[in-house]
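Please open the model in your viewer and keep the selection tool ready. We will go from stop to stop, with a note on what to select at each one.

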Amino acid sequence: MALRTAVAAFALALSFVGIADAAPRTDLRIGLVLEPPALDPTAGAAAAIDEVVYQNVFEGLTRIDETGAVQPALASSWDVSADGLSYTFHLVEGATFHDGTTFDADDVVFTYGRITAADSVNAQKALYAGIDSVTAVNTSTVELKLKGPDGLFLFNVGRGDAVIVAPESAANNANTPIGTGPFKFVNWQKGADLTLEQYAGYWGTKPALTKVTYVFINDAAARVNALLAGSIDGINNTDASTLPVFKADPRFKVVVGSTEGETLLVQNNAKAPFSDLKVRQAIAHSLDRAEIIAGASSGYGTPIGSHFPPHSKDYVDLTGTYPYDLDAARKLLAEAGYPDGFSATLKLPPVPYATVGGQIVASQLAKVGIKLTQVNLDWNQWLSDVFTNKDYDLTIISHVEPFDIGIYADPNYYFGYNDPDFQAIMKQLNETTDEAARKELLIAAQKRLAEQAVNGYLFELAQTGVWSAKLEGMWQNAPVEGVVLSGIRWTE
């Protein structure tokens, strides 16, 4: 009997070992094409910042979900006055920052004061210029008053640009971010990887993952090898040309969706010859979108004719505004005083749709006499030369900020586009809350940009993710920038 009991006990012990061995993993290694230049989304324009920290390290009063809808976050609820000018946010209880400091109304007042300050470096501070005052009613209630109605206010509150930061730590968030999110920053080996760990004191629902490492892999072949070798478990957006490799491999799932990324041939409107509408129209007539999409994104992507996502209910197809017509392009160049074309530089960031797309665009424009010199930059150089200093002729970039058509109303934005007519449309739109009226204004704004050929409107960037088949909860679509970790889990 003793021997039988011992054997049974041993068998039972083995069964528990088997159960433990079968427990799902709680760590995750994600590949990223671009390394963020810093980690404070309220003080930087790079989408790679939000890919790491949005809804993971930092949270806003509201958040944007996978469908693009506004959901509660650090504000559990809110009240809006009848005139649409006052928003009273009721804050969650028990939230703390990762350094242990308490989250309360004063942090909200500080955050929005920092965003709207005269010396603010927030990339989207124009979206918050309509805020008249921010007042802490008590420790758990904040009132934000607006100068005029804003139909997108709650959405803009949920962007990465408006996440809540603390006065005790904000100055250091670029390198050591401290937020209220479900994951805390642990380590950043620049040029290699960045690690987050689950925050034990998180106020909300704990995520399944306990540790996440972002691995920066700029080279396409290296990303493929890393996935196949299992050194990373997935990537939210990689070269579409590599997808067939993974579609045929049962170890992986390919997740293709849409983004808010309008891929543009950006023209420096403040600089000759791109300040001439006829030159911009000639360039628009010279672009073969189908060829660009086929070459730069392996056929994934939707042609666009203005700065607006095709999946939006307010989208209008304007791809026919300047159809592909080389004769029309040559005629316009001649009328503008460039019968033999001209030379210009094309400065490109280190992403495949830009570097490969740049070669295709250069070939297309050469057919009408526009000779481009392609200059490949690293991400920091692009941000400095092109975005900040406006030292460029042309560039190719995807603008992945959600609902960002309003950037064209800022004459100081790097596009160099200063159009009172467009500015008037956007002013009226920002003051309008009626959905039908907003739709008309949005269509008018799209048409104005298309007719003015402000940029070369190429295609809406697709999100092409590759993940381990044992993972679930990844977002298929990207209505905002970011790899939101809270719903991701291993199934075995």
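Is Glu335 buried, partly exposed or exposed? Select Glu335 to begin: at 42% relative accessibility, Glu335 counts as partly exposed. On this scale, buried means under 20% relative accessible area, exposed means over 50%, and partly exposed lies in between (1.4 Å probe, protein chains only).

Before moving on, two notes on what you are looking at. This is a predicted model, in which local features need pLDDT of at least 70 and side-chain atom pairs count only at pLDDT 80 or more, while totals for chains, interfaces and linings use all residues. Residues are numbered from 1 along each chain as its sequence is written, and side-chain values use heavy atoms, with hydrogens and water left out.

**Stop 1: salt bridges**

Glu335 belongs to helix α9 (residues 326-335) and Lys278 to helix α7 (residues 277-286), so the pair ties together parts that are 57 residues apart in sequence. Helices (H or I, at least four residues) and strands (E, at least two) are DSSP runs, numbered from the N terminus. Lys278 is partly exposed, at 34% relative accessibility.

The structure holds 17 salt bridges, each being a side-chain nitrogen of Lys or Arg within 4 Å of a carboxyl oxygen of Asp or Glu. Side chains of opposite charge can pair when their charged atoms come close.

Next, select Asp385 and Lys347, whose side chains form a salt bridge at 3.8 Å, N to O. This pair links distant parts of the chain, with Asp385 in helix α11 (residues 379-388) and Lys347 in strand β14 (residues 342-348), 38 residues apart. Asp385 is partly exposed at 24% relative accessibility, whereas Lys347 is buried at 11%.

Now select Asp421 and Arg448, a salt bridge whose closest N and O atoms are 3.3 Å apart. Asp421 sits in helix α12 (residues 420-430) and Arg448 in helix α13 (residues 435-452), so this pair ties together parts that are 27 residues apart in sequence. Asp421 is partly exposed, at 45%.

To finish this stop, select Lys313, Asp314, Glu435 and Lys439, which are linked in a network of salt bridges.

**Stop 2: a helix pair**

Select residues 289-296 (helix α8) and 352-366 (helix α10), which pack at an angle of about 145° with their axes 9 Å apart. The axes are lines fitted to C-alpha atoms, for helices over the stretch in contact, and angles run from 0 to 180 degrees between N-to-C directions.

Which residues of α8 meet α10? Show Glu291, Ile292, Gly295 and Ala296 in α8, which meet Tyr353, Val356, Gly357, Ile360, Val361 and Gln364 in α10; contact means heavy atoms within 4.5 Å.

**Stop 3: a histidine in a loop**

Where is His98? Look in the loop between β5 (86-91) and α3 (105-116). His98 is buried, with a relative accessible area of 15%. Leaving aside neighbours within four places in sequence, the contacts of His98 include Val57, Ile178, Phe183, Phe185 and Tyr199.

Select Asp325, in the loop between β13 (302-303) and α9. Asp325 is partly exposed, with a relative accessible area of 30%.
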